[in-house]
Amino acid sequence: MARTLAMFTDTSLCIGCRACQVACKEWNELPSEQPEWTGSYQNHSTFTDKTYRLVRFIEKPQANGELSWLLMSDVCKHCAQAGCLEACPTGAIHRTEYGTVNINQDVCNGCRYCVSSCPFGVVSFNHDTGRANKCTFCNDRIHNGLGPACAKTCPTESIQFGFRDELVTKADKRLATLKGMGYTDAQLYGADSNGPLGGLNAFFLLLDKPATYALPEKPARPQRNVIVDSLLSVGSALLVGVGALLAFRQRGGPDGRDEKRDGDTKDGGHA
Amino acid sequence: MLKSPDWHLLIVWYFFLGGIAGGAYFTAAIADNFGSPKDKSVFRVGYVLALLLVSVCGILLILDLGTPSRFLNMLMNFKFWDPMSIGAWMLGLFGAFAFASSVLSFVAGPGMAGLRRRLSLIGTIAGFFIAAYTGVLLSATALPFWREARLMGALFLASGASTGMAAIALLLYLFGESTGEGYKKVKRADRYAIMFEIVLLAAFLALLGGAALPIVSGHLAPLFWGGLVVVGLLIPLVLEVSGLSLPGVVPAALVLVGGFILRYVIVMANA
């Protein structure tokens with residue numbers, strides 16, 4: 001595997017221009033959608049099968065009673081332990097040699113299990129093609145030496161593209177700077193490869209708690225439940241089996257058993 | 001922020017009928033292996049019912065994909081830890097068992113009965129799997145309520161067993177076999193299964209606590225409490241135990257209604 005590539009989105013630099021959102025649509029030839037009134041400048045309210053980059057506008061009350069914006073250009077996290085990838089029964093969702101997570105459109109069969117298995121609500125079902133869609137990390141561009149369209153376009157370098165280890169070092173420095181400037185709530189989200197989901201290959205610098213950005217504090221692999229729940233099901237099977245045995249058992253012990261075997265022979269003869 | 005897979009009635013029907021198929025096969029196998037020769041009608045009905053329903057199940061799943069031929073993509077891959085992948089394979093395997101058992105329950109010949117019995121014990125594992133894995137599949141997602149439900153697979157299995165027994169009882173009644181001993185045994189087995197399911201449902205809700213809110217309160221609550229708990233579980237149990245002079249088929253029909261409602265409220269809670 002080649003060195004892992006990543007995107008680092010520094011939300012402290014985001015000015016909410018949505019150039020990333022537009023560049024993503026342009027490059028990936030994603031059609032426009034009917035805008036929705038969300039009560040803020042944000043459009044749309046969530047990722048869709050036609051919106052892979054989404055600038056979030058979060059209104060945060062200040063001490064003086066006024067509102068301020070937290071801006072965040074959100075995207076598929078390309079998790080190191082990806083729930084969608086593990087859920088995919090066809091193998092359409094795969095990890096590329098760069099560590100990103102992609103959906104092979106020709107293989108996806110539209111079962112939608114990945115949609116419910118993404119801890120971030122990223123993967124979306126495309127009703128036109130009957131297949132699941134999400135950010136491709138501009139797979140075609142990175143294979144040709146170009147960065148993802150969103151990172152290339154970002155005028156403030158809020159979105160940076162590069163090797164993961166180098167970006168994490170950069171992010172750590174930036175965080176220290178911001179802390180020094182008095183942004184005490186600033187924190188990295190998904191940078192730690194020993195953290196939840198083995199780290200995110202699209203990670204973030206946030207200016208507030210993840211919950212403020214509607215991000216899960218500790219995202220977890222959905223598949224962590226499979227073993228325990230299966231064992232509990234086996235227990236249930238055993239108890240159900242005992243009940244049915246009690247109802248059907250032959251009364252009269254071994255004699256009854258013999259009677260049954262005789263009966264079977266007779267049955268065979270008649271049928 | 002999290003996304004629903006938009007599974008609707010096709011999937012509800014699949015979960016419901018898959019449960020009956022698994023439960024009916026298991027009941028037939030118990031009657032076949034541990035019952036008396038008089039229980040022949042029970043296992044014949046059980047095996048054939050399982051075969052018919054598992055075929056319907058396959059069709060439902062294929063229809064849900066939108067483009068039917070894409071179900072083949074599911075068979076190009078096997079992930080033993082992924083409920084959806086292993087479920088697709090096991091559905092085929094269970095279908096093969098149900099087919100073999102159905103054929104063997106009508107074919108006479110030396111050793112046929114013995115072969116059928118041994119086969120059915122292995123097939124029961126596949127049947128139990130089909131009844132339970134759909135619950136584990138839901139609990140291995142990122143969606144609230146589903147992901148907290150540790151006993152979902154166990155509960156689906158108990159419900160599958162109970163509805164499978166109820167379906168056999170209903171068919172025996174319709175075929176005019178309701179005076180036989182097999183019919184009585186199936187009813188008795190279903191009584192135990194209903195009791196077990198009630199206990200399991202109580203534990204399911206207790207473990208979920210507040211996470212169960214989407215089904216115990218809100219728009220699904222009347223269906224859950226009225227349709228499942230009262231009509232689908234408590235009334236059939238009271239009718240069975242009290243020995244009222246109602247036709248024995250009434251509790252069986254109510255159990256089936258309850259089994260459908262269980263799958264409906266749980267799937268629709270995240271629709």
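In the predicted model, helix 6 (residues 152-174) of chain B packs against helix 10 (residues 249-268) of chain B at an angle of about 140 degrees, and the two axes lie 8 Å apart. The crossing of these two helices is left-handed. On the side of helix 6 of chain B, the contact is formed by B:Ser159, B:Ser162, B:Thr163, B:Ala166, B:Ala167, B:Ala169, B:Leu170 and B:Tyr173. Helix 10 of chain B contributes B:Val249, B:Ala252, B:Ala253, B:Val255, B:Leu256, B:Gly259 and B:Leu262. Sorted by class, the residues of this contact comprise eleven nonpolar and four polar ones, with no charged residues.

The helix pair belongs to a chain with ten helices and zero strands, so that the elements of chain B, read from the N terminus, run α-α-α-α-α-α-α-α-α-α. The radius of gyration of chain B is 18 Å, which agrees with the value near 18 Å that a compact globule of 271 residues would have. Along the principal axes, the C-alpha atoms of chain B occupy a box of roughly 60 × 50 × 25 Å. Of its 271 residues, 57% count as buried. When contacts in chain B between residues at least 6 apart in sequence are considered, 76% of them join residues at least 24 apart.

B:Phe26 lies in helix 1 (residues 9-34) of chain B. This residue counts as buried because 31 C-beta neighbours are found inside 10 Å, the cut-off for burial being 20 or more. Apart from neighbours within four places in sequence, B:Phe26 is in contact with B:Thr124, B:Gly127, B:Phe128, B:Ala161 and B:Gly164. The C-alpha atom of B:Phe26 is also separated by 9.3 Å from that of B:Ala126, although the two residues are 100 residues apart along the chain.

In chain A, four strands form an open sheet with mixed pairing, in the order 8-1-10-9. Strand 8 (159-163) and strand 9 (187-189) of chain A are the edge strands; each has a single partner strand, and therefore one side of each is left without a neighbour in the sheet. Direction ignored, neighbouring strands of this sheet are turned against each other by 20 degrees on average. Strands of a sheet pair through backbone hydrogen bonds, in either a parallel or an antiparallel manner. Strand 1 (residues 5-10) of chain A pairs with strand 8 of chain A in the antiparallel sense, over five bridges. Within this part of the sheet, A:Leu5 stands opposite A:Phe163 of strand 8 of chain A.

Technical notes. Residues are numbered from 1 along each chain as its sequence is written. Chains are lettered from A and ligands numbered from 1 in the order in which they are written. This is a predicted model: local features need pLDDT of at least 70, side-chain atom pairs count only at pLDDT 80 or more; totals for chains, interfaces and linings use all residues. Axes are lines fitted to C-alpha atoms, for helices over the stretch in contact, and angles run from 0 to 180 degrees between N-to-C directions. A crossing is left-handed if the near helix is turned anticlockwise from the far one by less than a right angle, and right-handed if clockwise. Two residues are in contact if their C-beta atoms, placed from the backbone, lie within 7 Å. Ala, Val, Leu, Ile, Met, Phe, Trp, Tyr, Cys and Pro count as nonpolar, Asp, Glu, Lys and Arg as charged, and the others, Gly among them, as polar. The radius of gyration is taken over C-alpha atoms; the globule rule is 2.2 Å times the number of residues to the power 0.38. A residue is buried if 20 or more other C-beta atoms lie within 10 Å of its own, exposed if 12 or fewer, and partly exposed in between; C-beta atoms are placed from the backbone. Two strands pair if DSSP finds at least two bridges between them.
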